[in-house]
Amino acid sequence: MTTDLLVHRDDLDFLLYDMLDSEALARRPRYADHGRETFDAAIDAAHRLAGEYFAPHNRLADENEPRFDGKTVKTLPAVGAAVRAFAKGGFLAATHDYELGGMQLPVTISQSCLALFRAANVGSSAYCFLTAANANLIRAFGSEDQKRRFLPSLLDGRWLGTMALTEPEAGSSVPDLRTTATPLPDGRYAIKGQKIFISGGDHDISENIVHLVLARMAGAPAGAKGLSLFIVPKRRVDAGGAAGESNDVALAGLIHKMGYRGTTSTLLAFGENDACIGELVGAPGQGLRCMFHMMNEARIGVGMGATMLAYTGYRHALAYARERRQGRLPGNADPASPPVAIAEHADVRRMLLTQKCYVEGALSLCLYAARLADDEKTHPDASQREEAALLLPLLIPIVKSWPARYGLAANDLAIQVHGGYGYTREYPVEQFYRDNRLNALHEGTHGIQALDLLNRKVGMKDGQPLARLYARVLATAEQARASGDPGLAARAAELEHAWQALRETTEVLRAATLADPVQGSANAAYYLDLFGHHVIAWLWLWQAVTAKAQLPARPHLEGFYRGKLSACDWFFQTELALAAPVHTLLRGVERHALRTEIDWL
């Protein structure tokens, strides 16, 4: 895979600097040592490492899953080499303080760097991202002693980390978790239970694996409020921060997946010999709150992963369509005339343009969320920090789920563009599809994200987050009108009308869920799709307004900017235009699925 197929660098620069004004971040004290030059240098380094260490073994890792030889889970040597190169490049600690070996990069720039590794090899890069999120949680909630003993080895890649939440009988039902934590005389806890689908749960890449485990203390209340979080390393860690003897964390099975085959997926047994020791991180009963610190970061990562798998699939399909010559255009009946590139055919062009709408829209969404994370932490204006803190939780379900759903649709189209060849393993687009299918499942399924959006996020704090987001939508519409472009003005009017309809539908559904939570949220998945489409439509208009403003000063990028304007039009015409029937379905609080008896299915 060549690195130019990972992402369109002009697109990344456009989103970062023209649309989101990431250069302005360097004016904040935390990022004062940075500027466009250092931001670009970090992205260039990520691009180089992704191309050199991650992309070359993407197919090989897919074809050679990790295996258990009776003693150790074996991975390809190239996987460990890639993880070590990632850590040596400073990307595990990219956003951390200089004192911890970090680069103090803004989240927006860090996510841009990490996106390239996801596009190059989502399986191998998963070890890195899980470890970074694990370290971030320990930094946020761990004691000073825990941070001293665990963070240095995690941030330099000598140890890797996981999140151990799901159990065989509980699945997504967190309140039903059964793993126990029994207090010991020395203040630590005996951990006992099983966890399943633990990505990176066992391997031969690092000398230790640090698990963050949700468990229930004896006497704790039932449900989520009784869960606490524990640091449970595979090998015990002494007072000096060195890994020692086994901690009774055993591999109970490897899980074989449709995609993401380069990442081990495991069933782990904790305390089979009653010798598994954990350390409480955070306060008792606050486990889920602590874990969500990691999960929310992970959900942004899932959205970016889904985006980049779709993005690289689109880039491969576009390259193939430009090179593959087949058939002649309608009206040309001369069999002696040369065949045309399939990109010339209307249906292929339709598929490519639809992919462009999905992947470039999704990338703008993920980077916008990253910019909100930066604003929440470092914006000099307290009111802007507060607003970012309202907007980001509202958008998290969209960031996690919309790219996963429509990124997969883009991957499906990439296979279709390749025709029969796309269905073979001779081309990588079928692997991108398989890899991307996981993203609608892990870190909270599409349905769970939909319930979170409808039942909690849109109504939280008396609807303030939704009102703030709507204000930003209206501001973009006003900019579109002020551009003097009739086409953008027309799109602005459509966007305002669409968002007003969304607000009305939201009010109907909120009232319905308050009256009857089961019936009112029965079609929450359709609501998430609808909400996501409206957010993406806003971001596309924002991109179009930005492209229109930049076009006169950069004639050498005219084709790029025209592409942005065309994609905006296409999304409005083919995606946003289909919203009306969904509004009708949702406002009717349709409960047909609930009326259908299980015995009828």
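Author: Let us begin with length: α4 (residues 77-88) has 12 residues, which at 1.5 Å a residue should span 16 Å, and its end C-alpha atoms, 17 Å apart, agree with that. The expected span is 1.5 Å times one less than the number of residues. Helices here are DSSP runs of H or I, at least four residues, and strands are E runs of at least two, numbered from the N terminus. This is a predicted model, where local features need pLDDT of at least 70, side-chain atom pairs count only at pLDDT 80 or more, and totals for chains, interfaces and linings use all residues. Residues are numbered from 1 along each chain as its sequence is written, and side-chain values use heavy atoms, leaving out hydrogens and water.

Reader: Which residues of α4 are buried?

Author: In general, an α-helix has 3.6 residues a turn, so residues three or four places apart point the same way. In α4, V79, G80, A82, V83, A85, F86 and A87 are buried (under 20% relative accessible area, with a 1.4 Å probe and protein chains only). These buried residues pack against α2 (36-54), α5 (107-120), α6 (122-141) and β3 (159-164), with contact meaning heavy atoms within 4.5 Å.

Reader: What follows α4?

Author: G90, with a positive phi near 90 degrees, follows α4.

Reader: How do α13 and α16 cross?

Author: The axes of α13 (residues 464-482) and α16 (residues 524-550) come within 9 Å and cross at roughly 35 degrees; axes are lines fitted to C-alpha atoms, for helices over the stretch in contact, with angles from 0 to 180 degrees between N-to-C directions. Residues in this contact include L466 and V473 of α13 and W538 and W542 of α16.

Definitions and conventions:
Buried means under 20% relative accessible area, exposed over 50%, partly exposed in between (1.4 Å probe, protein chains only).
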